[in-house]
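Welcome! Take a moment to look over the sequence and turn the structure around before reading on.

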Amino acid sequence: MAFKGRIAGTKTVILNLLLCLLIFYTLYYMIGSVCFGAFRLDSFDGLIPFDFKTQATKSSSKYLVNLLSMELTYFASGLAFVPVVKNWVWDYAITVTLIHILLSSAVMAEFPLVWQWWIALGLGLLLMIGNGHLIAHFICQKDQSYPSNSF
């Protein structure tokens, strides 16, 4: 069972990863700003993609905005990655999430130990992979220029 398809070069992978990161954080800030407006919070928090320190309570509007922004961003990113990476959404989704964890740790100056944040992150990652791969399956199934995920 040989792998059928072509493997992208390192330059292509790095450019695709940078584009996926740009898409991810652009969507995060766009969705976050809409959520801040919808919940009528006083000021926009520029650290919204990285904030895992906000207390997890149902009555905290800021926490709900952070959670909703994260989940909607992961959902939309899975769809937005498809035109860039075709069938490799799962790989780029995991890589973007790992980079996001590293950036969140660096920005907040500590490693996230809040279990609610990890659950939200994991569910968001599953959303991103599931939606992206589902769309990629239907869009790319007839396109032979991109490798399929089957061996």
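## A buried pair across the sequence

Both F52 and W117 are buried (under 20% relative accessible area, where exposed is over 50% and partly exposed lies in between, using a 1.4 Å probe and protein chains only). This is a predicted model, in which local features need pLDDT of at least 70 and side-chain atom pairs count only at pLDDT 80 or more, while totals for chains, interfaces and linings use all residues. Residues are numbered from 1 along each chain as its sequence is written, and side-chain values use heavy atoms, leaving out hydrogens and water.

## Aromatic pairs

How do we describe two rings together? A pair of aromatic rings is described by the distance of the centres and the angle of the planes. Rings of Phe, Tyr and Trp (its six-membered ring) pair if their centres lie within 6.5 Å; planes under 30 degrees apart count as stacked, over 60 as edge-to-face and the rest as tilted. A search of the whole structure finds eight such pairs. One of them joins F24 and Y28 edge-to-face, with 5.6 Å from centre to centre and 85° between the planes. F24 and Y28 are four residues apart in helix α1 (residues 10–38), so about one helical turn separates them. Both F24 and Y28 are buried.

Now back to F52 and W117: their ring centres are 5.6 Å apart and their planes meet at 55°, so this pair is tilted. F52 sits in the loop between α1 and α2 (61–85), and W117 in helix α4 (residues 115–140), so the pair ties together parts 65 residues apart in sequence. Ring pairs also link F24, Y25, Y28, F50 and Y74 into a cluster.

## Checking helix α1

Helices here are DSSP runs (H or I, at least four residues), numbered from the N terminus.

Most residues other than glycine have a negative phi. R40 lies in the loop between α1 and α2, and at 71% relative accessibility R40 counts as exposed.

A109, also a residue other than glycine, has a positive phi near 60°. A109 is found in the loop between α3 (89–108) and α4, and with a relative accessible area of 67% A109 is exposed.

Definitions and conventions:
Helices (H or I, at least four residues) and strands (E, at least two) are DSSP runs, numbered from the N terminus.
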